[in-house]
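Dear colleague,

Please find below the structure that I am handing over to you, together with its sequence.

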Amino acid sequence: QIDVNGNGFITKAEMDQLLTKLDAINFDDITDLAHNQEMTNLLMTKKVMDCLLSDQGLQFVETEFLAHLQTSIEFNDPEAFTYLNKLGDRDIKWEERLFAMNAINQGINSGKYDNILKDDNHVRQLLFGIAAQLLDENQKVQSKAIEVVPNILDECFNKVSNIGVVYEHLPEIIDNLFKILDNPQCRMNHQAVKFGLDELIDNIINTQHPVAALQLAKIFAGKCELENMNNADARNYGLQCLSKIMFSLDSPYLEFEMSQIKAPKVDKEKLPQEGDPYREWLDQATAHQPGPSVRYMNQNAGQQDKHKKRYVSGGSNEITLGYGKSAYRASDEELKAQEQEQKNKDKQDVDKELMDYTSEDIGREFVEAVGNGLSAGMMDPNRRNKIHAFKTNNILNQLQPEFSSNLDKESKRRYDQWESGDMKPWANKSKPKPLPVMKKIDPRLVTMTTTTKAKVNFTPQLPDI
């Protein structure tokens, strides 16, 4: 009771005594604040008294505290925690998990559950639960998880307080999406997975998260390898996704006509233009800049830029070079010295955290990932995937003649063989080759012989007289 005397007034000493009692209450353990009006009133009363006894006055209450109180109510919403718990529990009925995914997606999208994204443990629980639902046996649950994954990741990239938690779970989510593509029993969801991956690539590139884009390149390069993916179409789509990071989603250089053995000639007008976020990664792959520009690296470095998605071209930090020959070519001795220096640097950077990567580190590992993905594609037993990798490498070679040096030894030998024309073109025959005609056998000319042997185990014995 606040008014102890019942006269409508409260003294300073009585306020101090009441504040002492309120301080003894642990409000952090209260999880139903949204539905407990008495506790909400106590919190407001405590804050008002704190302000009256200070020099800040009630202005502080009307601005900062009211906003903080509102977010606290949403953050402690038991309904939100119930939805999170359902995502990670496979014993929950599929209808409830489906409803939980819808509710969390709508709540985060509208801003109602934004404070869930401020806590690292809750973000981990959310991303882990969504990743688990991607592999659910129920068709409807899996479809809903595929639908909400791009939006939830986009909201996490823009609103989480610790972006490293998202980087931690991003490989697992993409890996589960490719497991769906690699599973012929999930063929109904293959088109939805491809659409979701395209949306995810576009969100990450346009929001300019260089570390996340590097993660994408490494994951897609791994999906081009035969030991990681059984389905040839899934491996081919992994190679397409790797190309989309450099050429954008609507580039004509993502798929090629199999009837033509040679790659098309590059048209500069069809490449990402200056100021396009995709151009940053194309320039890195073709050695026209060592890594993401300073502006690209700093786009999400501060809290004030976390919600910024538009890419603004121009500026002193933009690195612009023409396509064709490199701006500088080092001698063989200088190249060997640079390789040795790079090896020494790599040994020092073994334990470097992903968040601590510099622009040069990101650029170097991105080029390595592209080379690994194309090398795996060239070694693919599927001829379509092999030709696709040859033509993609040829496109990059037209932009940077020395790009083939990033391939491994055997892949480069095969590429040189393909480029020289020694590899025979593939003739796609519409009809299968007929079986040879079997000759009829005249039964009169057939002689059959049968030999029968009988073994009798009998030994005569004389009677004992």
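This is a predicted model: local features need pLDDT of at least 70, side-chain atom pairs count only at pLDDT 80 or more; totals for chains, interfaces and linings use all residues.

Cavity

How many cavities of 30 Å³ or more are there? The count comes to one. The volume of the largest cavity is about 30 Å³. Its lining consists of C224, R235, N236, L239, G377, D380 and N385. Helix α11, which spans residues 232-247, supplies the largest share of that lining, namely three residues. Sorted by class, the lining residues are two nonpolar, three polar and two charged.

Helices α15 and α16

Two packed helices are described by the angle between their axes and the distance between the axes. Helix α15 covers residues 359-378 and helix α16 covers residues 383-399; the two pack at an angle of about 140°, and their axes lie 7 Å apart. Because angles over 145 degrees would be needed for a roughly antiparallel pair, α15 and α16 are oblique to each other. The crossing of α15 past α16 is left-handed. On the α15 side, the contact is made by V370, L374, G377 and M378. On the α16 side, the residues are N385, K386, A389, F390, T392, N393 and L396. The classes in this contact are six nonpolar, four polar and one charged.

Helices α10 and α11

Helix α10 (residues 210-222) and α11 have axes that come within 9 Å and cross at roughly 155°. That angle makes α10 roughly antiparallel to α11. Here too the handedness can be stated: α10 passes α11 in a left-handed crossing. From α10, the contact takes in A213, L216, A217 and F220, while α11 contributes G238, C241, L242 and I245. Seven of the residues in the contact of α10 with α11 are nonpolar and one is polar, with no charged residues.

Helices α11 and α12

What is the angle at which the axes of α11 and helix α12 cross? The axes of α11 and α12 (residues 277-285) cross at roughly 105° and come within 6 Å. The two helices are therefore roughly perpendicular to each other. K244, I245, M246 and F247 of α11 meet Y278, W281, L282 and A285 of α12. This contact has seven nonpolar residues, no polar ones and one charged residue.

Yours sincerely

Key:
Residues are numbered from 1 along each chain as its sequence is written. Side-chain values use heavy atoms; hydrogens and water are left out. On a 1 Å grid over the protein atoms alone, a cavity is a set of points where a 1.4 Å probe fits but cannot get out, and a pocket is an open set with protein on both sides within 12 Å along at least five of seven lines; lining residues have an atom within 4 Å of a point. Grid points are joined across faces, edges and corners, and a volume is the space filled by probe spheres set on the points. Helices (H or I, at least four residues) and strands (E, at least two) are DSSP runs, numbered from the N terminus. Ala, Val, Leu, Ile, Met, Phe, Trp, Tyr, Cys and Pro count as nonpolar, Asp, Glu, Lys and Arg as charged, and the others, Gly among them, as polar. Axes are lines fitted to C-alpha atoms, for helices over the stretch in contact, and angles run from 0 to 180 degrees between N-to-C directions. Angles under 35 degrees count as roughly parallel, over 145 as roughly antiparallel, 65 to 115 as roughly perpendicular and the rest as oblique. A crossing is left-handed if the near helix is turned anticlockwise from the far one by less than a right angle, and right-handed if clockwise. Contact means heavy atoms within 4.5 Å.
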